[in-house]
Amino acid sequence: SVLALVIVAAGSGSRLGAAMPKAAVKVAGKTLLEWALEGAGSAGVAARIVVTVPPGDRDLRLVCQKFGALAVEGGATRAESVTAALTALSSAQSQPGFSDALPTGVLVHDAARCFTPAQVFHRVASALAEGKRAVIPVVPVVDTIKTVDDRGYVTGTPARTDLRAVQTPQGFDLPTLLEAHRQVGGLPPSIAESITDDAMLAETLQIPVATVAGASESFKITTPLDFALAQALHGGADK
Ligand code: C5P
């Protein structure tokens with residue numbers, strides 16, 4: 001199977017408290033997007049790469065150019081950014097250095113998970129090659145998780161053994177992901193915002209979503225604490 005890779009990097013990084021888009025923040029002199037493109041590149045699973053960048057951005061577009069990835073403007077929410085990438089993917093001419101064959105599957109990856117090990121990409125790609133229509137990398141949950149109501153009172157405690165924390169890249173066969181995203185455009189922004197991953201859309205279509213093992217190294221850089229961890233693990237001379 002021929003896979004395309006979508007890297008969503010159009011987020012603002014407001015929770016990180018940076019003055020620039022999160023994917024443009026640097027660790028050891030390299031932007032998170034560069035780390036993500038290098039990591040995905042060394043996994044060697046993608047025949048073409050599309051990156052969603054923040055509207056008006058120039059620096060991240062230059063990074064894409066350097067890696068031969070196609071840059072497209074992201075949307076207001078993550079889900080809309082993925083939709084924009086899929087539209088570009090369906091209409092994209094062949095990219096220099098990549099296969100011309102039309103992709104049969106798509107991996108959707110967060111730029112914020114720029115240290116995902118190659119093995120995770122391989123596990124997701126293998127599951128797709130086996131015929132799974134949707135597959136996500138997951139890790140066990142260490143905290144006890146509770147649901148709460150809007151006044152802050154606990155309404156329940158799901159069994160921790162049933163819970164998984166979900167990572168990316170998430171893999172889909174192309175028709176499944178296109179169908180899943182056909183609905184996003186018509187949704188009000190408040191609902192579009194609550195779609196935090198692509199598997200959610202597949203679930204609403206009753207498409208079985210398979211899981212493979214993720215990795216703790218694949219943590220998402222969201223808060224200053226995550227950034228400190230990234231510096232400690234990968235910061236090199238920046239440490
Ligand atoms: O906000 P969150 O950390 O869940 O975002 C996950 C990923 O989605 C990030 O890599 C971010 O850059 C991307 N994103 C996007 N377009 C948006 C919002 C987020 O590409 N409008």
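Two strands count as paired here if DSSP finds at least two bridges between them. Strands themselves are DSSP runs of E with at least two residues, helices are runs of H or I with at least four, and both are numbered from the N terminus. With that in hand, β1 and strand β6 (residues 105–110) pair in the parallel sense over six bridges.

A word on the model. It is a predicted one, where local features need pLDDT of at least 70 and side-chain atom pairs count only at pLDDT 80 or more, while totals for chains, interfaces and linings use all residues. Residue numbers start from 1 along each chain as its sequence is written.

Back to β1. On the β6 side of the bookkeeping, Ile-7 stands opposite His-109. β1 also has β4 (residues 46–53) as a parallel partner, joined by six bridges, and there Leu-5 has Ile-49 as its bridge partner.

How many residues of strand β1 (residues 3–8) are buried? Six of the six are, so the strand is largely enclosed by the rest of the structure. Buried means that 20 or more other C-beta atoms lie within 10 Å of the residue's own; 12 or fewer makes it exposed, anything in between partly exposed, and the C-beta atoms are placed from the backbone. In a regular strand the side chains alternate between the two faces of the sheet. Both faces of β1 are covered: Leu-3, Leu-5 and Ile-7 are buried on one side, and Ala-4, Val-6 and Val-8 on the other.

Now the helices. Axes are lines fitted to C-alpha atoms, for helices over the stretch in contact, and angles between N-to-C directions run from 0 to 180 degrees. Under 35 degrees counts as roughly parallel, over 145 as roughly antiparallel, 65 to 115 as roughly perpendicular, and the rest as oblique.

Helix α1 (residues 32–43) has its axis come within 10 Å of that of α2 (residues 59–67), and the two cross at roughly 20°. α1 and α2 are therefore roughly parallel to each other. Residues are in contact if their backbone-placed C-beta atoms lie within 7 Å. By that rule, Leu-33, Glu-34, Leu-37 and Gly-41 in α1 meet Leu-60, Val-63 and Phe-67 in α2. These contact residues divide into five nonpolar, one polar and one charged. Nonpolar covers Ala, Val, Leu, Ile, Met, Phe, Trp, Tyr, Cys and Pro, charged covers Asp, Glu, Lys and Arg, and the others, Gly among them, are polar.

α1 also packs against α4 (residues 118–129), at an angle of about 55° with the axes 8 Å apart. That makes α1 oblique to α4. This crossing is right-handed too. Ala-40, Ser-42 and Ala-43 of α1 make the contact with Ala-118, Phe-121 and His-122 of α4, a set of four nonpolar, two polar and no charged residues.

| Residue and phi | Loop |
|---|---|
| Ala-28, about 50° | between β2 (26–27) and β3 (30–31) |
| Gln-206, about 65° | between α7 (199–204) and β12 (210–213) |

Ala-28 is partly exposed, with 13 other C-beta atoms within 10 Å, whereas Gln-206 is exposed, with 6. There is also a cis peptide bond between Thr-168 and Pro-169, with omega about 5°. Pro-169 sits in the loop between β10 (164–166) and β11 (170–173).

Technical notes: Contact = placed C-beta atoms within 7 Å. Left-handed = near helix turned anticlockwise from the far one by under 90°.
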